[in-house]
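Please walk through the structure shown below with a focus on how side chains meet one another.

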Amino acid sequence: MGNILKNKNFKSLLTECVSYFLPVAVLLLLFFAPISISPLNLYEKEDAALQVGKILTYRLPFDSNLNLEFGFVRVLLWLVYFLPCSVLFSITAFILKKKCGIKLEKLNYAFILASFSIYLFCMAVCLISNANCFAWFLAVPFHIYFTSLCAILFHFYYSFYGIVWLRKSNPEYEEFLKMREEAAEKSPEFQASTLFTIAGISELHKHFKLRVRRLSVKTKFTFVITGLIIVILLAFMLLILNTYKNMFVEAVSDVGRAQAEQTAAVYDSADGRNDKISAFFDELRISNDFAETPFERIDIIVTYDKKPVVYLEKWSQETEFPNFSTFAYTTGKPKLIDESEKSITTEQAIDYLKRYDSGAYKRDYVYNKADKTCKYIYPVTFTQKAGKKLVGFAIVTYKQQVLMRQYFRTKVFVLTLISIFLYLSVIVSILLADFIFNPLLFLRKNVKKTSRSIEKILSGSAKNASTALKFSDTIKTNDEIKDLSLEIGEMVGLIKGIMPYVSFSTLQHAEKVSDSDGKKSNATTSRDLCFLFTDIRGFTSLCEGMPPKKVVDILNRYLDIETQIILDNNGDIDKFVGDEMMAFFSGPRKEINACKAAMEIRAAMREQQQISMEDGSTYVSIGIGINSGKVTFGPVGSRTRKDFTSIGDTVNLAARLEGANKAYGSKSIITEAVYQKLRDMFICRELDFITVKGKTEPVRIYEILQLKNQANKNNATEKLTEIKELFEKGLEFYRAQEWDKSESCFSECALKYNDMPSVVFLDRIRHFKQNPPPKDWDGVFKMVVK
């Protein structure tokens with residue numbers, strides 16, 4: 001048996017049999033199953049399920065059950081006999097498939113899809129015509145729902161089968177799928193896909209592998225269009241149903257209120273005479289048999305208590321009410337009426353009178369949840385000189401199902417149409433997305449193939465020759481996408497012509513956002529960045545007398561070390577200017593990453609200094625300045641030569657701080673904005689309060705001493721903490737102009753730890769002792785050099 005199942009011919013035969021005979025079996029089931037039921041008789045006391053059991057219709061025509069005035073729809077219902085015709089055609093197509101080939105298979109698919117569409121149309125007509133209350137849905141037998149669900153699922157399947165078949169018929173789409181599968185296998189982010197395994201469609205399902213990393217433009221378009229249609233249809237449905245319900249309730253309330261008022265008026269005018277009132281109730285019973293919306297019954301409940309007397313004009317909640325316990329008149333059968341409905345409590349009377357005074361009885365009914373009835377209530381009175389004496393209430397009772405029948409049928413009609421339109425909108429959206437975006441996908445495939453050729457050339461796995469670069473124009477449409485494909489082909493041809501003369505490193509970093517006039521297109525933005533400037537101290541003197549090649553080699557060695565550290569800390573290089581480098585960092589941790597890079601650069605330079613000291617060569621030191629803030633980020637330069645860089649005070653201040661290291665003998669200076677972001681991770685000390693050259697606004701600057709966890713690792717925390725405390729204490733005395741105390745702190749720090757910034761402040765203190773600052777001196781130091 002296992003060998004038989006493995007046989008490809010047997011599998012193919014099994015697939016074909018299931019593909020042909022499974023829909024045939026379902027169509028036969030649908031044809032011979034009940035397709036129509038009549039509406040429930042809402043006036044009968046019989047159980048709804050028993051009613052449905054009596055009115056199931058097993059064959060057409062529908063005329064005996066459906067009250068259809070539209071003759072065209074009546075004719076369309078007879079198309080259900082197309083189902084057995086489709087069955088016969090499928091059997092014939094299976095027998096003749098080898099002779100007629102793919103054309104007969106397409107025609108068979110069209111017949112099957114049309115059959116399911118006709119059946120669903122008939123079911124929709126039956127639903128709209130017969131569903132007159134919610135109990136109707138509960139009473140419908142399970143096999144009716146089962147056959148309807150089968151029809152919906154098969155229609156859904158064959159609809160999307162047709163969409164996929166249209167895709168498969170295009171060889172470009174097959175090639176695109178292969179490219180996408182190859183990309184999925186290379187990417188670890190893609191997970192194993194789940195395949196649909198319904199027999200007979202294995203070729204179809206291989207194109208639905210769910211290897212999705214992000215939503216494609218086509219998927220987004222489908223979701224947006226479908227979602228927009230859904231929102232519009234739902235909004236339209238809610239608007240229509242809400243408006244119709246308000247109008248309908250208002251209309252039926254007018255009828256119910258009028259009946260209650262008329263009953264109360266007749267009782268008042270009859271002065272309680274039984275013959276007149278009974279005759280009126282007989283007329284109500286007769287007219288109710290011909291009413292479009294018949295009531296359940298009309299009752300008059302009164303009181304024969306002579307006291308207390310209640311007048312409509314003078315009642316209040318504190319008024320004492322008589323017992324309304326006399327069930328005087330009714331159009332129904334008293335024996336079948338529950339005793340609780342034959343009297344009115346004081347609380348109910350108060351509620352009814354409130355509705356009468358406010359006019360609410362004119363707009364809405366009183367709903368009884370227990371027996372699902374709607375009541376319209378009007379006070380019954382006798383007109384006297386003192387006013388209208390309340391003697392009881394006239395109550396008109398409707399079954400809710402009867403009263404809201406027309407609204408329910410309208411709601412079913414609207415919901416059915418909306419469901420059909422939503423289903424069709426999904427299919428149309430997918431077809432429209434394929435029509436618009438498949439050429440783009442094919443163009444992307446062609447560009448991807450060209451891109452892979454360039455990648456192979458740049459990576460060295462292919463020869464650096466123009467013959468290795470190819471672009472295939474396979475777009476068949478005659479529109480802008482075709483024009484774009486031709487333009488890309490021309491561009492690739494141009495690149496192929498200049499490739500022998502242009503380095504590929506230049507191609508990798510070439511400007512991609514300039515237009516034909518050399519102007520930037522939406523390239524300039526405002527960004528929040530952190531900048532790091534470095535400068536090699538004494539490099540010019542070091543290179544005096546050296547050959548140019550050796551100068552470049554030394555410079556490149558140091559810059560390469562700095563660059564690698566910056567890139568490892570999620571930074572980027574903006575530019576090199578001689579031995580100076582400008583880098584920037586972005587993101588929520590930009591300040592922390594910049595300072596970590598600064599510490600690592602300093603450590604790397606110390607290692608280089610050690611190597612230079614061991615081999616006797618001259619070593620260099622480095623200064624670092626860091627600042628963070630808003631900058632203008634974009635292309636700067638002329639029309640023929642541009643740099644993509646950052647501009648602003650933030651950049652200028654970072655560059656000035658790098659130069660300020662010379663004045664203080666420090667290594668790494670940061671601004672207060674940077675310090676606030678990393679004070680918990682780094683050991684920093686406040687260095688000074690200065691104004692840099694070209695600026696009048698003072699800034700508070702800090703020096704990074706060490707990363708805290710690194711300091712703990714090297715047992716340097718205590719030493720660095722003492723340097724920080726001594727220096728900042730001396731700085732505090734310095735700003736308070738307590739020169740002796742400040743000098744003591746700085747002297748201790750300079751002698752004990754050879755701290756160069758302390759030496760700088762000792763020189764300032766000696767100067768201020770001889771030349772005291774003015775009284776309004778704020779401690780700000782003005783730098784006059786960069």
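Which residue's side chain meets that of Glu703 in a salt bridge? The partner is Arg685, with N and O 2.8 Å apart. This pair links distant parts of the chain, since Glu703 belongs to strand S15 (residues 699-707) and Arg685 to strand S14 (residues 682-691), 18 residues apart. Both Glu703 and Arg685 are buried. The model in view is a predicted one, and the distances here are computed from it.

Why can such pairs form at all? Side chains of opposite charge can pair when their charged atoms come close. A search of the whole structure finds 22 salt bridges. One of them joins the side chains of Lys590 and Asp528, at 3.8 Å from N to O. Asp528, at 36% relative accessibility, counts as partly exposed.

Another salt bridge is formed by Lys769 and Asp740, whose closest N and O atoms are 3.2 Å apart. Here two helices are involved: Lys769 lies in helix H26 (residues 756-770) and Asp740 in helix H25 (residues 739-753), so the pair ties together parts that are 29 residues apart in sequence. Lys769 counts as partly exposed because its relative accessibility is 38%, while Asp740 is exposed because its relative accessible area is 57%. Salt bridges can also share partners, and in this way Arg297, Asp299, Glu341 and Lys375 are joined into one network.

Next come the aromatic rings. The whole structure holds 40 aromatic pairs. In one of them, the ring centres of Tyr267 and Tyr329 are 6.3 Å apart and the ring planes are at 70°, so the pair is edge-to-face. Tyr267 sits in helix H11 (residues 217-269) and Tyr329 in strand S4 (residues 326-330), 62 residues apart, and the pair thus links distant parts of the chain. Both Tyr267 and Tyr329 are buried.

Tyr352 and Phe393 give a further case: with ring centres 5.6 Å apart and planes at 70°, this pair is edge-to-face. Tyr352 lies in helix H13 (residues 346-358) and Phe393 in strand S7 (residues 387-399), 41 residues apart. Tyr352 counts as buried at 11% relative accessibility, and Phe393 counts as buried at 0%.

Ring pairs also build a cluster, made of Tyr664, Phe727, Tyr734, Trp739, Phe746, Phe761, Phe768 and Trp777. Phe727 leads back to the opening pair: Arg685 lies over the face of Phe727, 4.4 Å from the ring centre. Elsewhere, Arg557 lies over the face of Tyr558, at 4.8 Å from the ring centre.

The last stop is Asn627, in strand S11 (residues 621-637). Is Asn627 buried or exposed? At 5% relative accessibility, Asn627 counts as buried. Its side chain reaches the backbone oxygen of Thr650 at 3.2 Å. Leaving aside neighbours within four places in sequence, the residues in contact with Asn627 include Leu529, Cys530, Phe531, Asp649, Thr650 and Leu653.

Definitions and conventions: Residues are numbered from 1 along each chain as its sequence is written. This is a predicted model: local features need pLDDT of at least 70, side-chain atom pairs count only at pLDDT 80 or more; totals for chains, interfaces and linings use all residues. Side-chain values use heavy atoms; hydrogens and water are left out. Helices (H or I, at least four residues) and strands (E, at least two) are DSSP runs, numbered from the N terminus. Buried means under 20% relative accessible area, exposed over 50%, partly exposed in between (1.4 Å probe, protein chains only). A polar contact is a pair of N or O atoms within 3.5 Å; within protein, one must be able to donate a hydrogen and the other to accept it, and residues adjacent in sequence count only if both atoms are side-chain atoms. Contact means heavy atoms within 4.5 Å. A salt bridge is a side-chain nitrogen of Lys or Arg within 4 Å of a carboxyl oxygen of Asp or Glu. Rings of Phe, Tyr and Trp (its six-membered ring) pair if their centres lie within 6.5 Å; planes under 30 degrees apart count as stacked, over 60 as edge-to-face and the rest as tilted. A charge sits over a ring if NZ of Lys or CZ of Arg is within 6 Å of the ring centre and within 35 degrees of the ring normal.
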